[in-house]
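Hi there,

Here is the structure I promised to pass on. Please have it open while you read, and my notes follow below.

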Amino acid sequence: TCVFLSPSMFALHNLAGTDAGTVVDGKVAMPPCVKLSAEGLEAHGLYLVDNGVMLLLWIGKNVSQQALQDLLNLPSADRLDGAKVNLPALQTDLSQRTCNIVGRVRSERPTALPLYTIRQGGAAEPKLLSLLVEDRTMSTMSYSEWWNALSRQLA
């Protein structure tokens, strides 16, 4: 239930050189969660967001063609904005680790979570940006500001 209030976001482009996405002691090692903020999204990055209802794969506008090929077996992300996809099981490190991470997340939910792609700057991007609860808007507090305010009221 906590994931409904504060989704989890993982940087998939930073998996190399870590145990994340590999099986360690019979369990898939998860990458660390990254800050739920648009300012932390790197244009060359790939991010997986789990909001408890669906998985979103954010694809930065400068992500390498090789990364797209290794993960999705596609030369570009042009037609992927808002598309529901199934990750292909490819014989690449990025594909295998990402499939393991997605599999673990799905195994921890009562129903299979669909996976949608979101391109940076695409029409579907506001769906992901609305989940970045650590961003402050003109009319609301950021997530951390809200928690601090709540703590002060309860003290």
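Which strands does helix 2 lie across, and at about what angle does it run to strand 5? Helix 2, residues 65-72, lies across strand 4 (46-50) and strand 5, and its direction is at about 155° to that of strand 5. Please keep in mind that this is a predicted model.

Helix 3 (residues 93-107) also packs on the sheet, where it touches strand 4, strand 5 and strand 7. Its direction makes about 10° with that of strand 4.

Now for the overall picture. The chain has five helices and seven strands, and along the sequence they follow the pattern α-β-β-β-β-β-α-β-α-β-α-α. Of the 155 residues, 41% are buried. Among contacts with a separation of 6 or more, 64% are between residues 24 or more positions apart.

The sheet itself is open and made of five strands in the order 1-4-5-7-6, with mixed pairing. Strand 1 (8-11) and strand 6 (84-85) are at its edges; each has a single partner strand, so one side of each is left without a neighbour in the sheet. As a reminder, strands of a sheet pair through backbone hydrogen bonds, either parallel or antiparallel. Strand 5 (residues 55-59) and strand 7 (residues 115-119) run parallel and are joined by five bridges.

The axes of helix 2 and helix 3 come within 7 Å and cross at roughly 55°, so the two helices are oblique to each other. Their crossing is right-handed. On the helix 2 side, Ala67, Asp70 and Leu71 meet Leu94, Ser95 and Thr98 of helix 3. Sorted by class, this contact has three nonpolar, two polar and one charged residues.

Is Asp70 buried or partly exposed? Its relative accessible area is 21%, so Asp70 counts as partly exposed; the cut-off for buried is under 20%. Leaving aside residues up to four places away in sequence, Asp70 touches Leu90, Thr92, Leu94 and Ser95. Asp70 and Leu94 are 24 residues apart in sequence, while their C-alpha atoms are 6.2 Å apart in space.

Happy browsing, and do write back with any questions.

Best wishes

Note on methods:
Residues numbered from 1 in each chain as written. Predicted model: local features only at pLDDT ≥ 70, side-chain atom pairs only at ≥ 80, totals over all residues. Heavy atoms only, no water. Pairing = 2+ DSSP bridges. Helix = DSSP H or I, 4+ residues; strand = E, 2+ residues; numbered from the N terminus. Contact = heavy atoms within 4.5 Å. Axes fitted to C-alpha atoms, helices over the stretch in contact; angles between N-to-C directions. Parallel < 35°, antiparallel > 145°, perpendicular 65-115°, else oblique. Left-handed = near helix turned anticlockwise from the far one by under 90°. Nonpolar A, V, L, I, M, F, W, Y, C, P; charged D, E, K, R; others polar. Buried < 20%, exposed > 50% of the residue type's maximum accessible area, 1.4 Å probe, protein only.
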